Amino acid sequence: MKGTPIQWKNELSTGNDILDIQHKELITRISKLLEEAEMLNSATISSTIDFLFDYVYSHFVLEEKMMIQTEYPDFEEHLEKHSYYVKYINNLKKNRLITRELISEMQSVLFVWFIEHIRVEDRNMAEHLRQYCNAG
Ligand SMILES: [Fe+2]
């Protein structure tokens with residue numbers, strides 16, 4: 001991961017503009033956080049974690065509203081995934097001692113998990129939203 005910028009890829013597109021814009025912003029912020037962690041830049045790291053927490057939280061709330069409004073069948077499962085991620089970032093807010101172990105853990109949870117979540121669960125959800133809107 002070191003030295004490799006985290007980039008948006010077309011395969012992450014959900015086809016939903018609002019979700020895609022927010023996912024891109026989140027990827028940029030996660031990338032910034034990992035860079036700051038690598039540099040052990042504690043001066044900026046806490047404000048980035050705070051931003052990330054607030055942004056992730058409101059982004060997930062938006063997705064959850066969309067799922068409820070369209071009676072998404074995998075809502076509960078998707079909600080559990082969101083809860084896991086929000087809890088993880090909330091713990092980061094409390095524990096700001098940056099170690100090498102924590103950096104590699106953040107890379108796999110904050111970044112790898114999130115990319116996989118967009119690629120699989122969010123794309124499935126977006127497909128459902130499309131079908132629901134077309135049917136209505
Ligand atoms: Fe999601």
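This is a predicted model: local features need pLDDT of at least 70, side-chain atom pairs count only at pLDDT 80 or more; totals for chains, interfaces and linings use all residues.
Five residues of α1 are named as buried: Leu19, His23, Ile30, Leu33 and Ala37. Viewed along the axis of α1, these buried residues fall within an arc of 85°, so they line one face of the helix. An α-helix has 3.6 residues a turn, so residues three or four places apart point the same way. The other side of α1 carries Asp17 and Ile21, which are exposed. The cover over the buried residues of α1 includes α2 (42-69) and α4 (100-135). After α1 comes leucine 40, with a positive phi near 50°.

The chain as a whole has 4 helices and 0 strands, in the order α-α-α-α from the N terminus. Its radius of gyration is 16 Å, close to the 14 Å that the globule rule gives for 136 residues, so the chain is as compact as a globular protein of that length. Along the principal axes, the C-alpha trace of the chain spans about 50 × 30 × 20 Å.

Among contacts in the chain with a separation of 6 or more, 73% are accounted for by residues 24 or more positions apart.

Technical notes. Residues are numbered from 1 along each chain as its sequence is written. Helices (H or I, at least four residues) and strands (E, at least two) are DSSP runs, numbered from the N terminus. The radius of gyration is taken over C-alpha atoms; the globule rule is 2.2 Å times the number of residues to the power 0.38. Two residues are in contact if their C-beta atoms, placed from the backbone, lie within 7 Å. A residue is buried if 20 or more other C-beta atoms lie within 10 Å of its own, exposed if 12 or fewer, and partly exposed in between; C-beta atoms are placed from the backbone. The arc is that of the directions from the helix axis to the C-beta atoms.
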